Amino acid sequence: MSEPKMAVEIADIWLKNPVMNASGTMGYGEEYKDFVDIGEMGAFVPKGLTLEPRKGSEPPRIIETPCGVINRIGLENVGVERFIEEKLPYLRQFDTPIIVNINGETVDEYRECAYLLKDVEGIAALEVNLGCPNMERGGAEFGKDKQTVTNVVRPVWELTRVPLIVKLTPDVTSIAEIAKAVEGAGANAISLINTTKGAAIIDGKLFVGGLSGPAIKPRALYLVSEVVKAVKIPVIGIGGIMTAEDALDLLGVGGRAVQVGTANFFNHRAIPEIIQGIREFMAGNHIADINNFIGSYV
Amino acid sequence: MPEKFELEATIAQVKQVADKTYVIWLNDCHSIANIAQPGQFVMVWPNPDSYEHLLGRPFSIVLTQISEPRIGILVKVKGEGTKVLCRKKLGEKVRVLGPLGNGFDIIKTAPCEQILLVAGGTGVAGLTNLLKTLTSKVHFLNKEFHFFIGAETANKLVWSEKWTELATTYVVTDDGSAGRPGMVTDLLQDILHTYRSVWHPYLFAAGPIEMLREVTEIAKIHDIPAQVAVEAGMACGVGACLGCAVNVKDPTDPEDWTYKHVCKDGPIFDAQEVIWNE
C-alpha cells in the first residue's frame, strides 16, 4: 500500500492531516520550535485572543489533579493588534493553516476581533471560543444557551470572509441543542470540548478553573459523538487526547479532525508522535484514506 | 540548533543529604549538560509512562559533570511526585526537559569585587552551581566570594565542606543547631553593616519567598545590585502556557505592573523588579 492519505477538508480548508493543537497549549508557536515542526501539523491554533491585551489571572494559575490539570490562566494574551503585528509573521512561513481563536466578554468584543482579523493575510479560519471558563463575563457563559450562542455567532458570521469554527463548553445540559443553534447561526464547523469547570484545594484555598487532560476524555468522546449526530457540519474533537489511539477514538466517533492540548505539557513531542501513530495505524490496518476511517466506530 | 531537549534519562544515584532532601544524579543527559548555565533548571517526570502526575517538577541544576553526561538536581520531598522521584532506583527511567530559563546574568558582576551568595534551604542548588562556575573563571580570580547558607535546623541543612575552599562560608540555623543561631538575613545585615562601606558587592539569592523578600529589602537599603531565583507552579516550561506568572514592576504600564513568566523571562530576576506580594 502506498503512503496512507491523511488529508481532511474542513469548510474548504485543506489540512494535510487531522491533527492540530488546542488553543493555549503551544503559545504562539515559536515556543515549541525545538519539539514540533508546525509545518507538519494539520493546522495550528495560536493562544486565544481578546480585543485588548489581557494580563491574565493572579497566580497560581495551573495545578495538577489526578490524570489532569486545572488551569485558570485567565486568557493572558497580547490582543488582536499585537498578534497580527508581532506573532503572525512567524506563523506565515509554514505551509499549515492558521486558525485564530477569539474570545470576548461581550458580543461586541467578538465582533470587533472578527472585524480586525478580516482580510488579514495568513489566517485560514476563526475559532469563536464560547467555552473559556476563566473570564469574569462572557466566554463560556455565552456557550450555555442557544440564544446567546446565536447572538455571538451571527454577527461574526456576517463579518468574516474565512470559515468559522465555533468552540463549545461541555458544561451544558444539551450539547446537541447548542450545536444545532451554532450550525443554524452560520458556523462552518464545531470544535469541542473546551475545559470543564473544576476545582481543587491548594494551600487551604479553593482553586477554580478549567479541567483538562486524560480525566476528561470520556466526557469529550461522549459529547463529540452527540454533536456528530446532531449536525451536518464537520466536528473537531478535543479532550484528553494523549496518544494516536486517543485521536483515532475521536475520529472514529465522527470527528473530522482533533485538537491536542494538555498532552503537550506532558510530552512536548506529543503532536508529531500522534501524527506518526495515526500513519502507522493506517498502514498496519490497510486504511488507505483517513476519511474512510472517520465515523467507523459508530 | 535546538536550545532545549526532552529526553529519557536514567537514575545514576539517589543520595540523601538532609531531612527529606536528596541529590539525584541523572545519566544520559549530555545534550542538557553541555549547554546548561548556572541558574537554569530542568523539569522531571518521575513516572513518564503514567498519567498520575502529568506535570514535570522543576529543579535547579546543581552541577553538571563535564567529564560525564550527567546532571544533578536537589530534591526536597514535598508531595507525591517528589516522593516517587526520591524512591527511584539505579537504572530506572525518568523524563527530563531542559535546560530551561535564563540563568544568572554574571556579566553584570564585572565592576564588583565581592560576590555575595545567599541561600535558604534548597536554594543552595543553583548557587553552588554558580559558585563553582564563577570561581573557575579567570575574570573572577581577584573577586571575593561570600556564601551565606540558612536552614531551619541542622538536619535540614544542605552543606558541603568543599564550599569552604571556594568561598567564605557562613552557616546559619534558626535554632543554632548548626553554625550561628538566627536568620540568614540577619547575619547578612550584620556583615553588611560592618563591611558595606569598604565593599563593592553584587548579590545572588535563592530560597523561600520570605527570605527573598527580606534580601531584596536589604539589597535596596544597602544599594547592592541583586538577582533572585524565583519559583512558581508551572506546566509547559517553555513559555507557552503562561501558567508560571510572577508580578513585576513595569513603569511603561498604565497600572505600573505586569506579569512576567518564571520559565521564560526567569527564573532569575532583578530583585528590585519583583513585586513581593504578602
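How many salt bridges are counted between chain B and chain A? The count is four. A salt bridge is a side-chain nitrogen of Lys or Arg within 4 Å of a carboxyl oxygen of Asp or Glu. Side chains of opposite charge can pair when their charged atoms come close. The model is predicted: local features need pLDDT of at least 70, side-chain atom pairs count only at pLDDT 80 or more, and totals for chains, interfaces and linings use all residues. Residues are numbered from 1 along each chain as its sequence is written, chains are lettered from A and ligands numbered from 1 in the order in which they are written, and side-chain values use heavy atoms, with hydrogens and water left out.

Lys55(A) forms a salt bridge with Glu255(B), with the closest N and O atoms 2.6 Å apart. Asp253(B) also forms a salt bridge with Lys55(A), at 3.0 Å between the closest N and O atoms. Asp253(B) lies in the loop between strand 13 (245-249) and strand 14 of chain B, and Lys55(A) in the loop between strand 3 (19-21) and strand 4 (62-65) of chain A, so the pair joins two chains. Strands (E, at least two residues) and helices (H or I, at least four) are DSSP runs numbered from the N terminus.

The contact (heavy atoms within 4.5 Å) takes 35 residues from chain B and 36 residues from chain A. The buried area is about 2800 Å², and carbon and sulfur atoms give 58% of it. This is the accessible area (1.4 Å probe) that two parts lose on being put together, summed over both.

Within chain A, helix 5 (residues 217-230) and helix 6 (residues 244-252) pack at an angle of about 25°, with their axes 9 Å apart. Axes are lines fitted to C-alpha atoms, for helices over the stretch in contact, and angles run from 0 to 180 degrees between N-to-C directions. Helix 5 of chain A is therefore roughly parallel (under 35 degrees) to helix 6 of chain A. Helix 5 of chain A contributes Lys217(A), Ala220(A), Leu221(A) and Val224(A), while helix 6 of chain A contributes Asp246(A), Asp249(A) and Leu250(A).

Some backbone features remain. Most residues other than glycine have a negative phi, and most peptide bonds are trans. A cis peptide bond joins Leu192(A) and Ile193(A), with omega about 15°. The bond from Gly266(B) to Pro267(B) is also cis, with omega near 10°. His286(A) has a positive phi, near 55°.

Technical notes: Angles under 35 degrees count as roughly parallel, over 145 as roughly antiparallel, 65 to 115 as roughly perpendicular and the rest as oblique.
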